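Subject: A structure for you to explore

Hi there,

Here is the structure I promised to pass on to you. Have a look around it first, then read my notes below.

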Amino acid sequence: MSRRPSGELIGCSDCGLVQLLPEVASDAIAECARCGRGLARPARGNVDPALALLVAALLLLLPAAFSPLMVITSFGVRRQDWLPSGVEAMWNDGFGSLATVVFLFSIAIPFLYLGLMISVLLGIRLRAAMPLGRLFRWAGRLRPWMMIEVYLIGGCVAYTRLQDIGTVEVGVGGWCLVGATLAMLLAGIGFDERAVWEALPSRVAPHSGRQSVSCGICELLLDARQEHSGCPRCGATLRRRKPQAMRRTLALVIAGFLLYLPANLLPVLAIERFGREDPNTILGGVGELIESGLWPLAVIVFTASVMVPLIKLFGLSLMLILTRLHSPRWLRGRTRLYRAIDLIGRWSNIDLFMISILVALVQFGTLTTVRPEPGALAFAAVVVITMLASRSFDARLMWDAAGERP
Ligand SMILES: [Zn+2]
Ligand SMILES: [Zn+2]
C-alpha cells in the first residue's frame, strides 16, 4: 500500500465535524479538531505486521479451543477444563442463555472476527475482488463482542480461586490462549483502521462538505441526498445520526439500573462442600480474593464487575440528561467519557467467564461442586444491556444539542 492520500474529507463519528484528514508524520496521530478523537494513526500504510499477528492469533486459538486450558487434581480425581467445557456445564445446569453468551463471546465470535480480519487484510494485499468494505465493517461490529483477552483474565481469577480446592496446572491450551491474546493485542497496537478504509475503493466523487451525510462506520462523506442508501465503501446504511438513539439508550439504561441490584445482591454461584451449600455473590468473590491476599486481582474484579457497570449507567444518564437540556458543558470531556465507556464495558465479563470455568472444573460430586445461580443471569444481562446502551447512543447528538452543528 502507498502512503496515505492526503485530503480526504471525513465526518468525525464522535462529534460530526466535517474536516480534511491531514497527512500525518510518522510519529503523530491525527485527531479530530473539535473532540480529539483519533482519526488516523501514523501513515505507515502497512497492514502486513497486523496480518501476520492475526494469523498467529488464529493458529494459537485453534489448540486453545481443542486442548485443555487447566487441569485440577482434587481428592485424587483429575478434571480438565476446555474452552467449550464451561458452555457445556452451564447448559447442563439449566442455564442455556448463559451458556449461549459464553459460547458466543469466547468461541464463536473470536474465530469469526479473526477470519474476517484476515480475509480483509489478505484481500487488500492480493487486491482480491471481494466486498472487503462490508467484511471490515462486520469485523468492526464484532470487535467489542470478541472477548478472548477478557476470558484470559477470567481464567486467571478462576485459577487462583481453584487453589483452595485442589492442585491446578495450566494446560497446553491455556498457554496457547495466552499466546493468542498477546498476538491479538500486538496486532491492535500497530494497526491503523484508516489505512484499511483508504485502501478500499469507494467510487465516489470527492464531496465539498456542504449538505453532507457521513457514514457512521467508515466516516466517508457523501451528498445528503444519499441518506438512507448504502455506503459505497462499507455498505452501512447512511444515516445522519443513529436512529432513535436517545430513546433506545434511555430504555437500555433503565433496564440496566433495574437489573444492577439483583446482579449484585443475588448469589452468582454456589459452592457445595460435603453437603453444605455456600452461596457466593460478586462482592463475596472479591472478599475471598482479598482474604487470600490477592489484592491486585480483587481490585481488577471489583472494578470490572461492580464499578464499570455503575460508571457506564451513570455516565450514560448524565449524557442523556445534558443532551436533553441542550447543555454545552464539558462537551469534549463527555465525548471522551463516552469513548471510554464504550471501550471498557466488555471487561465486566471477567466474572461470567470465571464462573463458567469453575462450574466446568469443580464437579467432585458430594465433596465439592460449583453451580451457577440466578444472580449470574442478571449479571450477564447487565453487562450485555450496558454494552448495547453505549453502542446505541450517538455522541454527535451531544454536539448537535449544544448548538454546535458543523
Ligand atoms: Zn470529532
Ligand atoms: Zn461507510
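A quick definition to begin with: helices (H or I, at least four residues) and strands (E, at least two) are DSSP runs, numbered from the N terminus. This is a predicted model, in which local features need pLDDT of at least 70, side-chain atom pairs count only at pLDDT 80 or more, and totals for chains, interfaces and linings use all residues. Residues are numbered from 1 along each chain as its sequence is written, chains are lettered from A and ligands numbered from 1 in the order in which they are written, and side-chain values use heavy atoms, with hydrogens and water left out.

How confident is the prediction?

pLDDT is the predictor's confidence in each residue, from 0 to 100. The protein has an average pLDDT of 89, and 94% of the residues score at least 70. Of the protein's elements, helix H8 (residues 245-265) has the highest mean pLDDT, 96, while strand S4 (residues 38-40) has the lowest, 82.

The zinc ions

A donor here is an N, O or S atom within 2.8 Å of the metal (3.2 Å for Na, K and Ca); water is not among the atoms, so sites may look incomplete. Which residues hold the zinc ion (ligand 1)? Cys12, Cys15, Cys32 and Cys35 coordinate it through their SG atoms, at 2.3 to 2.4 Å. Along the sequence, these donor residues are spaced C-x2-C-x16-C-x2-C. The angles among the four donor atoms run from 101 to 115°, making the site of ligand 1 tetrahedral (four donors count as tetrahedral if all angles lie between 85 and 135 degrees). For reference, the ideal angle for four tetrahedral donors is 109.5 degrees.

Is cysteine 12 buried or exposed? Cysteine 12 has a relative accessible area of 0%, so it counts as buried (buried means under 20% relative accessible area, exposed over 50%, partly exposed in between, with a 1.4 Å probe and protein chains only). Cysteine 15 is buried too, with a value of 0%.

The zinc ion (ligand 2) is coordinated by the SG atoms of Cys215, Cys218, Cys231 and Cys234, at 2.3 to 2.4 Å. Its donors follow the spacing C-x2-C-x12-C-x2-C, and with angles of 97 to 121° the site of ligand 2 is tetrahedral. Cysteine 215 and cysteine 218 are both buried.

Residues with a positive phi

Most residues other than glycine have a negative phi, which makes the next residues worth a look. Glutamate 219 has a positive phi near 65°. This residue sits in the loop between strand S8 (212-214) and strand S9 (221-223), and glutamate 219 is buried, with a relative accessible area of 0%.

Phenylalanine 274 has a positive phi near 45° and lies in the loop between strand S10 (269-273) and strand S11 (276-280). At 60% relative accessibility, phenylalanine 274 counts as exposed.

Strands and hairpins

Two strands pair if DSSP finds at least two bridges between them. S10 and S11 run antiparallel, joined by five bridges, and form a hairpin with two residues between them. Leucine 269 has asparagine 280 in S11 as its bridge partner.

These strands belong to an open sheet of four strands in the order S11-S10-S13-S12, with antiparallel pairing. S11 and strand S12 (363-364) stand at the edges with a single partner strand each, so one side of each has no neighbour in the sheet. S12 and strand S13 (residues 368-372) are joined by two bridges, and glutamine 363 has threonine 369 in S13 as its bridge partner.

Strand S5 (residues 70-74) and strand S6 (residues 77-81) also pair in the antiparallel sense, over five bridges. Methionine 70 stands opposite aspartate 81 in S6. Their hairpin has two residues between the strands, and phenylalanine 75 there takes a positive phi near 50°.

Aromatic rings

Rings of Phe, Tyr and Trp (its six-membered ring) pair if their centres lie within 6.5 Å; planes under 30 degrees apart count as stacked, over 60 as edge-to-face and the rest as tilted. The count by this rule is eight aromatic pairs. In one of them, phenylalanine 136 and phenylalanine 191 have ring centres 6.2 Å apart and planes at 75°, so the pair is edge-to-face. Phenylalanine 136 is in helix H4 (residues 132-142) and phenylalanine 191 in the loop between helix H6 (172-189) and helix H7 (193-199), 55 residues apart. Both are buried. Phe75, Phe274 and Phe364 form one aromatic cluster.

Happy exploring!

Note on methods. Tetrahedral: all angles 85-135°; square planar, octahedral: opposite > 155°, others 65-115°.
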